[in-house]
Amino acid sequence: MHTSDTNHSQDPHALNKNHPEKSSQQSSQPVLQNPSSNTLWYPYAQMQNLELNLEVVEANGVYLTMKDGKQLVDGISSWWCVTHGYNHPELNQAMFEQAQKFSHVMLGGLKNQVTESFAQKLVEITPDGLNHVFFSDSGSVGVEVAIKMALQYFFNQGNQNKTRIVALERAYHGDTTACMSVCDPAEGMHKMFHGITPEQFFLPAPTSGFAPSEDALEKEIAHAKTLFEEHGDTIAAVIVEPLLQGAGGFNIYSPEYLNRLKALCEEHNILLIFDEVATGFGRTGKLFAADHTNISPDIMVLAKGLTAGYVGHAATIASTQVFNAFLSDSPSKAFMHGPTFMGNPLACAIGLKAIEIFERDNYLEKIATIESILKEELLGFEHDEIVETRVLGATGAIEVKEARFHHGIQEFAAERGVWIRPFERYIYTMPPYVITPEELRKITQVMKDWFQRER
């Protein structure tokens with residue numbers, strides 16, 4: 001397990017809400033120079049030196065239209081969720097028709113057909129055995145639900161010892177409290193919360209790729225064997241981003257690793273959670289990353305593509321074995337969780353239509369075309385600053401040696417009609433599935449042009 005020490009200091013300027021440049025001791029009546037400049041607090045951004053954000057006024061298909069009229073091909077699907085493109089007429093209509101009936105009703109004591117139909121559809125398309133859907137309102141909350149569900153699964157059976165979760169190094173599972181505890185503890189963005197969030201176990205992230213040798217696979221799974229033998233009686237669940245670790249650096253690993261991990265979990269009475277928030281709905285080349293394996297997880301979390309990027313929604317789907325542990329004459333064994341907007345009818349109507357379009361229009365074939373183009377364009381591309389290029393499904397990434405190398409790439413790409421947003425040492429694309437080959441090659445060409453520009 002990793003530990004880290006972080007020194008925290010308080011910014012004295014933050015004590016004065018009205019003026020970021022002066023403390024209250026300097027002025028009792030500060031004057032706002034720009035009253036609206038920091039009204040909206042942006043994500044993952046230092047607000048003191050916030051770079052200019054481009055203003056979107058319209059979006060259609062794969063194009064974002066800026067306030068100045070410039071159009072950019074969206075290379076990252078608005079954080080990986082706009083799978084069907086923007087302003088899709090059928091999704092718009094599904095949302096409109098549901099809004100004409102009702103936009104939201106609570107699930108506490110009430111039910112509605114569209115939410116029940118969506119749950120049934122998710123059971124139909126997810127791996128065998130995942131039969132019970134608990135809705136929430138974001139990927140992070142969906143992961144919180146999964147962790148809480150796994151812990152209570154054992155509590156309800158009288159086992160108070162299984163209180164720990166195992167995750168992979170380089171993992172990212174969300175930004176809320178339990179999620180932070182299973183994100184990479186040393187390199188992840190949440191390391192400052194070490195000692196505040198629950199202490200969990202971490203396994204080394206598999207690094208031998210999608211098709212490792214038997215020796216490499218055995219070495220990687222040996223870490224799990226050792227950990228489970230030593231601490232299996234305290235471990236409730238293992239949570240992984242199957243096959244593709246997203247915000248941890250687009251690390252791609254083997255389906256066979258997951259097959260063997262599942263076998264170990266069953267041997268030691270440990271639940272396996274697949275966080276498919278990013279990998280679900282085609283991103284790895286199959287409908288779910290689990291479909292690359294021979295197994296079903298005990299719990300699966302879906303979000304992002306679940307509603308094609310239209311509204312926030314998530315689903316935590318459990319096996320019947322997990323669900324049955326909550327059935328009892330005792331109210332205390334019920335799952336006491338209930339997000340206000342869980343099962344939102346607008347979200348469910350959009351989700352149903354999005355799956356219908358995905359199946360009807362053979363999106364897996366579209367994704368296979370995207371993958372072949374990404375492999376052709378990115379694999380084998382070399383530069384002194386490049387560590388590696390990686391492609392899986394509709395995801396292509398370039399890892400560079402130092403993050404500072406891609407400083408300025410957003411402006412560079414925008415000038416050439418492409419929207420990308422690198423982070424840390426990774427320049428990547430995860431485009432909408434409706435993208436054309438020409439539009440996709442425009443993205444990859446801009447990514448490569450960045451390395452070949454005059455400096």
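**View 1. W79 sits in helix α1, residues 77-80.** The model shown is predicted. W79 has a relative accessibility of 37%, so this residue counts as partly exposed. Setting aside residues up to four places away in sequence, W79 touches P43, Y44, K304, R421 and Y428.

**View 2. K304 lies in a loop between two strands, β11 (299-302) and β12 (314-319).** The relative accessible area of K304 is 26%, so K304 is partly exposed. Neighbours within four places in sequence are left aside here. K304 is then in contact with W79, W80, C81, V277, A278, G309 and H313.

**View 3. Five positions carry a "binding site" annotation in UniProt.** The record is an unreviewed entry, and the residues it lists are W79, Y172, K304, G338 and R421. They are spread over 343 residues of sequence. They are also spread in space, with up to 33.9 Å between C-alpha atoms.

**View 4. Helix α2 (residues 89-101) packs with helix α9 (residues 345-360).** Their axes are 9 Å apart, and the angle is about 150°. Angles over 145 degrees count as roughly antiparallel, so α2 is roughly antiparallel to α9. The crossing of the two helices, α2 and α9, is right-handed.

**View 5. Residues from both helices build the contact of α2 with α9.** From α2 come E90, L91, A94, M95, Q98 and A99. From α9 come P345, L346, A349, I350, K353, A354, I357 and R360. By class, the contact has 10 nonpolar residues, one polar residue and three charged residues.

Note on methods. Residues are numbered from 1 along each chain as its sequence is written. This is a predicted model: local features need pLDDT of at least 70, side-chain atom pairs count only at pLDDT 80 or more; totals for chains, interfaces and linings use all residues. Side-chain values use heavy atoms; hydrogens and water are left out. Axes are lines fitted to C-alpha atoms, for helices over the stretch in contact, and angles run from 0 to 180 degrees between N-to-C directions. Helices (H or I, at least four residues) and strands (E, at least two) are DSSP runs, numbered from the N terminus. Angles under 35 degrees count as roughly parallel, over 145 as roughly antiparallel, 65 to 115 as roughly perpendicular and the rest as oblique. A crossing is left-handed if the near helix is turned anticlockwise from the far one by less than a right angle, and right-handed if clockwise. Contact means heavy atoms within 4.5 Å. Ala, Val, Leu, Ile, Met, Phe, Trp, Tyr, Cys and Pro count as nonpolar, Asp, Glu, Lys and Arg as charged, and the others, Gly among them, as polar. UniProt positions are given in the numbering used here, feature names are shortened, and annotations may be inferred rather than shown by experiment. Buried means under 20% relative accessible area, exposed over 50%, partly exposed in between (1.4 Å probe, protein chains only).
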